[in-house]
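Visitor: I would like to learn how to read some features of a fold. Please show me the structure, and let us take them one by one.

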Amino acid sequence: MSTKVAPPFGPIIERFRRARKGLAVLLGVLAIAGCAQKDAGALTFSTWGSIEEIDTLKQVIAAFEKQNPDVPVRLIHIPDEYPHKVRLMAAAHHMPDVLFMENQTLAGFASRGVLRDLGPFLAHDGSLKAKDFYPPVMQALSYDGKLYAVPRDLSNLVVYYNRQLFDAAHVPYPHAGWTYAEMVADAQKLTHGDQYGIGFSPYPLYWMPYLWSEGGDVMDPAMTHCTLLSPASMRGLTDYWNLRWRYHVAPTEAETGNARMSQLFAQSKIAMEVDGRWVVPGYRKRLDFPWDVAPFPSGSAGSIVDADASGWAISSACKHPDKAWRFVRFLASKPSISTFTASGLIVPSRPDVANSPVFLGGGAPSHGQVFLDVIGNSRPTLAPIPYDEIDYELIDSLGPAWDNEESLKDALGPIAKRIDALLQESRE
């Protein structure tokens, strides 16, 4: 990976100005930044998150301020279009001091020099160490060999299943070591009428495990060229396509409308869905049937899911980096991570919290250990500088193939060329 710093975010402002909606977004972001400037004595901290998540975060901030009265924190909540709005703030030279970041978009910021290398802070800290965290999340939040965010959580996917529907169909529950073929066989027994065996989503997040478990990927490990047309990648994508069009165990878009898979699962219209830990708080509140989780089924390369992460970064423009580090260190401490974990929202980044009753004893799912068991075979999503553009390309251009209006091979040819061009451009 090149150490060359990419151009600044300035051109983004011009692109947003060309659209009225974009201009309104830009003005709103600059207003947020302006308010942050007025509160000059506070450490500014930007994040996304639901109202419940923000309420939890406010409790943690209050505890920090009580222990650190010389470091007031001003929270900037950006609930939607978070990466885009932070890019605009960076382009306008109004970056928050501390930022909540996800690994998929981190490279785009780190490559432009707007984030601090946190490795030296961590190396010289007396209370927080790299060994406090799962290695995959430290890898996920690094770029070009440097750590740019301290992790809050480990994000991975598992199979959620409706035990009531399995019992009614006399189908054994999914188990560790089960295969794609076994999943399909189970899904066929669970599909009848307007009920389907498993969910289907066009978003890459949800079909990537099928790709990885057959040994494929979107690009090569060095992120120099697209590999979607490789035999391994084609096997994984075909496995996913087959759920709809060969085995008919997953609903089509016409059959689901705009409903998310989590909504259909809650309505008992699908018996299984691949999803992350973030659905747990809602399921604990809303589901009136027994449910649980199991590992993703094995393909020819094994059962491989993501080991992505979100965490806290410090802006390179922060005028008080030592105070900002104090705040990040507090957020990443065992008590704070335990507070974030208690709601059921996250798989904690720290093994000492993950292996405690805070995570494993908080209620459904009863097999929460699965989230931890799959870490050994998981891997961070490859996230090059143009990750967002590649993600949008996959969502938009694979749609006709997922709807059986175009073959996978025909759809992937132009996609591969565009991804190659984006990767080439990012290296220049």
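Guide: Start with His170. His170 is exposed, its relative accessible area being 74%. Buried means under 20% relative accessible area, exposed over 50%, and partly exposed in between (1.4 Å probe, protein chains only). This is a predicted model: local features need pLDDT of at least 70, side-chain atom pairs count only at pLDDT 80 or more, and totals for chains, interfaces and linings use all residues. Residues are numbered from 1 along each chain as its sequence is written, and side-chain values use heavy atoms, with hydrogens and water left out.

Visitor: Where does His170 lie? What is its phi?

Guide: Most residues other than glycine have a negative phi. His170 has a positive one, near 55 degrees. The residue lies in the loop between α8 (163-168) and α9 (180-189). Helices (H or I, at least four residues) and strands (E, at least two) are DSSP runs, numbered from the N terminus.

Visitor: Is Met223 buried or exposed?

Guide: Met223 is buried, with a relative accessible area of 13%. Its phi is also positive, near 60 degrees. Met223 sits in the loop between α10 (204-212) and α11 (231-245).

Visitor: Which residues does the cis peptide bond join?

Guide: Most peptide bonds are trans. Here a cis bond joins Ala364 and Pro365, with omega about 5 degrees. Pro365 is in the loop between α18 (357-360) and α19 (369-373).

Visitor: What is the strand order in the open sheet?

Guide: Strands of a sheet pair through backbone hydrogen bonds, either parallel or antiparallel. Two strands count as paired if DSSP finds at least two bridges between them. Five strands form this open sheet, in the order β2-β1-β3-β11-β6, with mixed pairing. β2 (73-77) and β6 (150-155) are at the edges with a single partner strand each, so one side of each has no neighbour in the sheet. Strand β1 (residues 43-47) pairs with β2 in the parallel sense over five bridges. Phe45 stands opposite Leu75 in β2.

Visitor: At what angle do α3 and α15 pack?

Guide: Axes are lines fitted to C-alpha atoms, for helices over the stretch in contact; angles run from 0 to 180 degrees between N-to-C directions. Helix α3 (residues 51-67) and helix α15 (residues 321-331) pack at about 125 degrees, their axes 10 Å apart. They are therefore oblique to each other. Angles under 35 degrees count as roughly parallel, over 145 as roughly antiparallel, 65 to 115 as roughly perpendicular and the rest as oblique.
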